[in-house]
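Please look at the two chains and the contact between them.

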Amino acid sequence: MHQSELLYVAALPLAVAAIVTLAGRPLRLNAPTAWAMSVAFGYVAGQLGLATRTGDALSEFLHPREAAGWLPHAVLLALCATILAIGAPRPWNRAGIALAILLIIGLPVRLLHGSAYDLRWTLLEKSAAISLLAIALGLMWLALASVTEADHRRLRPVLLIVVTCIIAVVVSLSGVLVYGELCGVLAAALTGAFLASRTPHVAASAGVVTVSLGSLTLLSSFYAELTPTNAALLITAILVAAGPIPAVMSPRPERLKAALRVALTLLPLSIALLQTIAANRAPAAASPYWQ
Amino acid sequence: MNARPKVFAFVILAATLGVTRLAHPADAYKIDPRHTSIIFSIGHAGLSYTYGMFLAARGNYVIDEENQANTRFDLEIQADSLFTNDKERDDHLKSPDFFNTRQYPTITFESTSCTVTNTVDGPPRLHIVGTLTMHGVPRQIEFDMDFLAEKRGPRGDQRTGFFCQLELKRSDFNIAKGLVDKTSVGDVVSVTISFEGVRSSAAN
């Protein structure tokens, strides 16, 4: 990886996320809001930084062309929805929920607009696909936001960072480096927020993580060669890493719960990673001309 | 002798000729996909050139010898039909790292002006200006195209054939711009297109 890519994929989002977290203290931002803002701004800074490689980052931001070009907007909208939902008084917090619902419905529509699928599908197929994707994104957001922050407060962000890094590798090996880089940007933003934060609030970044990581998984499935099985495994890993523990597990000792969370996170990740590596190592079809 | 009938006859004759001139039909052609070749080459690490082609294309064109402003060419290429004889490379070229063919399924060209310049030796040449939209980016391009022949095909259909070569920059269309440096994958792409068209009707 070139030095400029290391800067934009790793250093810039990490630094921005850390700075926003640290700046939140003198500004007396509440910790969940500061966490959500640091992850969101870190991600946006990293993606815009990568866009400077083409020489027109501002133009890309103002007039996105590629589907992934809409992710900074979606992440900022998710941040707004989060801030409204968790920090605003009624009825503004309901506005945050409404914004979140509009976002998870509009996001698949936007990402698939004008694509080969948009041209090929009938109206019924489009409606079904958008509905399923919106439901999946919505459930992911709900699951990540509903966790009790005291549950594995330090373990969950670390696991989420590991999961995001592995997703970056799987997506890159599935044939699309640019989406892998963006997953790396998110991992760096999460890392910056975690290192600078006294108390991580992963649940507060549920919307930002869902919109960014969920969208990148969706894009890799539709526009690259990430298989549906691997996509499902990666989403499962995200939910297990940062989501709530099943109620049946609650009475168990903390260390056992932590060990299970780690194991159940690494299991689907490992399967997806090994499947992707195996697919890449499969020998090319033999030439019919040379025996 | 009263000159009025002569003037009247002259006016009628001139109007008839004018109407005839205005009604002279341009010829509309449908591009024959089986006799259309779109080949490109791009440098690889300064070591060699990699050649590829697009296997699926269609289009129409109109040739109006009387009024060049009516001459136009429209071409639509299926981006997903890209072929470089290496599946792994083809899949990568079709991915969002390069052409992103699932988001941008077609490459289109629409001419905006065609000027005929007859060569002293060789086939007539057209100077084409038009909009090439590739990877979602529209760009105006200009190139020269040779008119090769007009003949009846083996089935009696009237055909015309053309040939052109042009150079494009992948960075102008934001293809792998910034992702791949120009030393590993060249920026300049040489494109060769040759096609035949079957006359379908007199164009309106």
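What follows describes a predicted model.

## Interface size

Chain A and chain B bury about 1800 Å² between them. Carbon and sulfur atoms carry 46% of that area. Chain A puts 24 residues into the contact, and chain B puts in 17 residues.

Three residues stand out on the chain A side. Arg65(A), Glu66(A) and Tyr223(A) supply 33% of the area that chain A buries against chain B. That is more than any other three residues supply.

## Polar links across the interface

Residue pairs in polar contact between chain A and chain B number 14, counting residues at pLDDT 80 or more. The elements of chain A that give two or more residues to this side are α6 (116-120), α9 (177-196) and α10 (206-223). The largest share comes from α9(A), with four residues. By type, the side of chain A that touches chain B divides into 11 nonpolar, six polar and seven charged residues.

How many salt bridges does the rule find across the interface of chain A and chain B? It finds one. Glu225(A) pairs with Arg102(B), and their closest N and O atoms are 2.6 Å apart.

## Salt bridges within chain A

Over all chains, the structure holds 10 salt bridges. One of them joins Glu60(A) to Arg65(A). The closest N and O atoms of this pair are 3.9 Å apart. The pair counts as a salt bridge because the cut-off is 4 Å between a side-chain nitrogen of Lys or Arg and a carboxyl oxygen of Asp or Glu.

Is Glu60(A) buried or exposed? Glu60(A) is buried, because its relative accessible area is 18% and the limit for buried is under 20%. Arg65(A) counts as partly exposed at 22% relative accessibility. Arg65(A) is also one of the three residues named above for the area buried against chain B.

Asp118(A) and Lys126(A) form a further salt bridge, at 3.0 Å from N to O. Lys126(A) has 26% relative accessibility, so Lys126(A) counts as partly exposed.

Glu196(B) forms a salt bridge with Arg159(B), with 2.6 Å between the closest N and O atoms. The pair links distant parts of the chain, 37 residues apart. Glu196(B) lies in strand β10 (residues 185-203) of chain B, and Arg159(B) lies in strand β9 (residues 158-169) of chain B.

Glu196(B) counts as partly exposed at 26% relative accessibility, whereas Arg159(B) counts as buried at 15%. Both belong to a network of salt bridges that also links Asp32(B) and Asp157(B).

## Strands and hairpins in chain B

Strand β7 (residues 125-134) and strand β8 (residues 137-152) of chain B pair in the antiparallel sense over 10 bridges. Leu132(B) stands opposite Arg139(B) in β8(B). The two strands form a hairpin with two residues between them. His135(B), in the turn, has a positive phi of about 55°.

β8(B) also runs antiparallel to β9(B), joined by seven bridges. Which residue in β9(B) is the bridge partner of Phe147(B)? The partner is Phe162(B).

Methods:
Residues numbered from 1 in each chain as written. Chains lettered and ligands numbered in written order. Predicted model: local features only at pLDDT ≥ 70, side-chain atom pairs only at ≥ 80, totals over all residues. Heavy atoms only, no water. Contact = heavy atoms within 4.5 Å. Buried area = accessible area lost by both parts, 1.4 Å probe. Polar contact = N/O pair within 3.5 Å; in protein donor to acceptor, adjacent residues only side chain to side chain. Nonpolar A, V, L, I, M, F, W, Y, C, P; charged D, E, K, R; others polar. Buried < 20%, exposed > 50% of the residue type's maximum accessible area, 1.4 Å probe, protein only. Pairing = 2+ DSSP bridges.
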